[in-house]
Amino acid sequence: MMNYSSRPPEEPAVHAQHLTAVRGTRTVLRGLDFTVPRGRITGLLGPSGCGKSTLMRAIVGTQAKVTGTLDVLGRPAGHPTLRTRIGYVTQAPSVYDDLTVRQNLDYFTAILDPGRASADRRHDVERVLADVDLTTHADALAGNLSGGQRSRVSLAVALLGAPELLVLDEPTVGLDPVLRRDLWNLFHTIAAERGATLLISSHVMDEAERCHRLLLMRAGEILADDTPDALRTRTGSETVEAAFLHLVDEAIAAGRTKETTR
């Protein structure tokens with residue numbers, strides 16, 4: 001793991017204050033305050049339904065009914081200038097089944113930067129194919145790929161243009177252990193060698209150990225914003241999963257205390 005202690009303070013990649021999101025009649029995000037540091041991997045951990053995907057949509061500017069402050073790469077979330085600076089991967093693969101892998105990437109790179117030289121676009125496509133280990137499947141129809149391969153095509157699309165911020169919503173769900181390991185190695189390479197910031201959501205707690213920093217969520221709230229080591233130390237736990245459960249128990253106990261004192 002890299003040592004960032006000698007780096008001067010930088011403006012965070014994401015900064016939120018009192019961030020709230022409402023879907024229908026339900027408040028999904030409840031006054032969140034947090035930052036995502038640049039050039040590191042921040043894990044967004046929590047059980048399914050806790051608000052992780054809603055938070056990610058807010059960061060990339062596609063979530064409605066969001067209030068509070070949310071700045072991304074120095075701009076308000078959703079600002080037009082952020083479109084080419086952010087790569088976003090949803091839980092469902094976003095590819096065209098009737099196109100080959102290469103054709104999908106050619107299409108998306110043309111949309112991303114239509115004025116770019118064709119030779120540069122081709123180089124970009126070859127780079128991301130190698131990044132996600134799909135060079136040998138470049139001419140296969142996306143509809144004929146396995147679920148894991150389709151997920152890697154979506155990741156390749158997000159990597160086009162070398163974005164400064166990658167927002168990845170459960171990118172390793174359903175993948176075999178070897179592919180999960182290879183993708184996490186890629187994530188660390190992107191952060192360490194390319195200086196990109198990654199925000200990666202998961203409900204699998206062992207992936208928390210692979211992150212530089214963690215945001216632990218429960219029921220639309222941030223339980224903790226710290227490093228894995230600091231969380232383990234703070235709670236006297238051996239694993240991040242045990243630390244998370246400790247914090248959940250604390251939150252439940254605090255909620256009960258508030259109810260009894262009203």
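A residue is termed buried when its relative accessible area is under 20%, and exposed when that area is over 50%. The model under discussion is predicted. By the criterion for burial, Val101, Asn104, Leu105 and Thr109 are the buried residues of α2. Viewed down the axis of α2, these residues fall within an arc of 125°, so they line one face of the helix. An α-helix has 3.6 residues a turn, so residues three or four places apart point the same way. The packing partners of the buried residues of α2 are α3 (118–131) and α4. The helix α2 itself comprises twelve residues, and its first and last C-alpha atoms are 17 Å apart, close to the expected 16 Å at 1.5 Å a residue.

**Pocket and cavity**

The helix α2 also contributes to the largest pocket: the elements that give two or more residues to its lining are β6 (86–89), α2 (101–112) and α4 (147–159). Of the elements, β6 gives the most, with four residues. In total, 21 residues line this pocket, and those nearest its centre are Arg83, Ile86, Gly87, Tyr88 and Val157.

The structure also holds one cavity of 30 Å³ or more. Its lining consists of Glu170, Thr172, Val173, Ser201, Ser202, His203, Val204 and Glu207. The table sets out the volume and the lining classes of each space.

| Space | Volume | Lining by class |
|---|---|---|
| Largest pocket | about 650 Å³ | twelve nonpolar, eight polar and one charged residues |
| Largest cavity | about 40 Å³ | two nonpolar, four polar and two charged residues |

**Positive phi values**

Most residues other than glycine have a negative phi. Which residue of the cavity lining has a positive phi near 50°? Glu170, a residue other than glycine, has this value. Glu170 is placed in the loop between β7 (165–169) and α5 (177–194). With a relative accessible area of 9%, Glu170 is buried, since the limit for burial is under 20%.

Asp133 likewise is not a glycine and has a positive phi, of about 60°. Asp133 lies in the loop between α3 and α4, the two elements against which the buried residues of α2 pack. Is Asp133 buried or exposed? Its relative accessibility is 56%, and Asp133 therefore counts as exposed, the threshold being over 50%. Thus Glu170 is buried, whereas Asp133 is exposed.

Methods
Residues are numbered from 1 along each chain as its sequence is written. This is a predicted model: local features need pLDDT of at least 70, side-chain atom pairs count only at pLDDT 80 or more; totals for chains, interfaces and linings use all residues. Side-chain values use heavy atoms; hydrogens and water are left out. On a 1 Å grid over the protein atoms alone, a cavity is a set of points where a 1.4 Å probe fits but cannot get out, and a pocket is an open set with protein on both sides within 12 Å along at least five of seven lines; lining residues have an atom within 4 Å of a point. Grid points are joined across faces, edges and corners, and a volume is the space filled by probe spheres set on the points. Ala, Val, Leu, Ile, Met, Phe, Trp, Tyr, Cys and Pro count as nonpolar, Asp, Glu, Lys and Arg as charged, and the others, Gly among them, as polar. The expected span of a helix is 1.5 Å times one less than its number of residues. Buried means under 20% relative accessible area, exposed over 50%, partly exposed in between (1.4 Å probe, protein chains only). The arc is that of the directions from the helix axis to the C-beta atoms. Contact means heavy atoms within 4.5 Å.
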